[in-house]
Amino acid sequence: MVSHLYSMGLYGMDSFPVEVEADLSSGLPSFEVVGLPDAAVKESRDRVRSAMKNCGFDFPVSKITVNLAPADKRKEGPIYDLPLFIALMKASSQLAADLEGCVFIGELSLTGELRPVRGILPMTIRARQEGFKRFFVPKQNAAEGAVIQGIEVYPVTDLPQLLKHLNGGGQIAPAQPSPAECGSPQNCPDFADVRGQEEAKRALEIAAAGGHNALLIGPPGSGKSMLARRIPSILPEMTFEETIETTKIHSIAGTLPPGVSLVQVRPFRSPHHTVSPAGLSGGGSIPKPGEISLAHNGVLFLDELPEFSRSSMEVLRQPIENGTVTISRVGGTVSYPCSVMFVAAMNPCPCGYFGHPTRRCTCSPQAVSRYLSRVSGPLLDRLDLHIEVPPVEFEQLDSRGTEESSESIRKRVNAARRIQNDRFRGTGITCNARIRPDRLHDFCRLSDPGRNLLKKAFDRLGLSARAYDRILKVCRTIADLDGSDAIESAHVAEAVQYRSLDRKYWLKEL
């Protein structure tokens with residue numbers, strides 16, 4: 001007897017329907033799974049056999065052939081345990097339920113309990129597009145699938161519960177979206193905790209308002225990491241489209257916390273400097289998202305930037321420029337979105353005290369030059385703001401005054417983003433940092449004094465064409481924060497000072 005039902009597959013950001021066919025025929029007892037399965041799918045045979053016996057069902061003593069169609073797409077992971085079990089129950093006449101419009105996904109334990117799997121959200125979206133009405137998933141994954149309207153997502157605890165539901169016994173109630181979040185801005189560290197560093201706070205406000213990349217440079221203990229970790233508290237709220245796309249990536253990577261429907265706060269990722277290039281960009285035989293994609297619509301923070309390997313740093317150049325990372329393997333090519341605010345921090349020299357007002361630097365000019373050269377010019381060009389973070393004075397640390405809170409800063413950031421949303425409506429541009437080169441002069445109109453000042457800065461600093469574009473975008477953001485339609489000379493002057501640590505200029509001063 002042949003039975004068939006539907007499951008889903010996953011490749012990159014895309015999901016596809018998988019038809020599961022089970023055939024029981026005479027011959028020597030065997031259990032074969034075909035349709036380009038990986039090792040984890042082949043191991044499903046043993047999990048399904050044990051789960052059936054331990055739940056009190058009869059494992060068919062026949063020649064069993066299970067086909068996963070389409071056969072030209074690779075199937076990976078333990079997600080096909082549950083559909084294999086249901087297909088065998090149907091083929092062996094132990095289940096008579098109508099499975100039309102149903103999709104099954106889940107990993108089985110040997111006792112018949114369902115364990116969570118990754119990628120439920122994109123699978124649910126595709127299942128709805130394909131016209132399926134009911135989606136049976138592990139209970140821990142039900143919350144993320146329930147956010148998609150137009151399809152009922154059923155949380156399944158174990159096999160007896162599912163079979164009872166399919167046979168018309170005890171009904172499983174469809175899951176409802178959970179209000180749980182992966183944290184909230186109120187729980188993020190607040191800028192009110194940071195004493196002093198008003199210039200750095202202003203620069204990070206500009207970066208958050210325009211979605212610009214930033215480099216923090218200063219001696220040890222000046223507060224670079226402290227400032228960077230507070231950036232999510234001033235970023236604007238995510239739109240629903242951003243929330244869905246971010247949650248899809250974390251669902252595919254398996255990093256979505258249990259019971260969470262959506263990632264509603266912008267991610268903050270801070271990998272250690274020993275991370276590999278594949279760890280940053282993503283990889284594997286079937287490529288999975290890396291750190292830069294997991295930070296999509298949020299912040300990717302690299303502390304102690306020169307300590308990262310050259311190959312790890314250089315792999316970031318194309319993704320932070322284009323907002324997507326493409327991974328090519330023998331089995332195919334996948335692209336993941338990675339529209340991130342890239343923030344890095346570094347010391348000015350190996351000992352960390354070059355330019356310190358009170359502590360003596362012990363590094364030779366050659367050592368300082370070698371240290372700085374670890375960060376390549378092309379990567380530095382992609383960092384819009386170079387922010388000097390000086391040591392904090394005792395009087396500032398000992399002050400009993402109150403610092404400006406993240407909530408106050410965020411109000412100005414939101415106001416600037418509203419201006420940008422109105423300006424870019426219908427263009428596909430999300431913020432000033434994403435202005436395309438062909439629209440740069442349409443949106444970044446300079447006054448005559450501002451143009452003259454920018455020309456002098458361009459010639460003096462020896463800036464590249466990319467640096468020129470990025471200065472214009474920063475000017476646009478500063479003007480937005482100031483409520484100005486045109487870019488004036490004051491806006492240009494402030495933007496140019498954030499390029500004062502451009503590598504070519506900085507090394508010239510050594």
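In the predicted model, Lys-73 lies over the face of Phe-16, at 4.7 Å from the ring centre; a charge sits over a ring if NZ of Lys or CZ of Arg is within 6 Å of the ring centre and within 35 degrees of the ring normal. The charged end of Arg-359 likewise sits over the ring of Tyr-353, 4.2 Å from its centre. Residues are numbered from 1 along each chain as its sequence is written. Because this is a predicted model, local features need pLDDT of at least 70 and side-chain atom pairs count only at pLDDT 80 or more, while totals for chains, interfaces and linings use all residues, and side-chain values use heavy atoms, with hydrogens and water left out.

The structure holds eight aromatic pairs, where rings of Phe, Tyr and Trp (its six-membered ring) pair if their centres lie within 6.5 Å, and planes under 30 degrees apart count as stacked, over 60 as edge-to-face and the rest as tilted. Tyr-6 and Phe-132 form a tilted pair, 5.2 Å centre to centre with 55° between the planes. Tyr-6 is partly exposed, with a relative accessible area of 29%, whereas Phe-132 is buried at 10% (buried means under 20% relative accessible area, exposed over 50%, partly exposed in between, with a 1.4 Å probe and protein chains only). Ring pairs also link Phe-104, Phe-136 and Tyr-154 into a cluster.

Phe-342 has contacts (heavy atoms within 4.5 Å) beyond its neighbours within four places in sequence, including Asn-213, Ala-214, Leu-300 and Leu-383.
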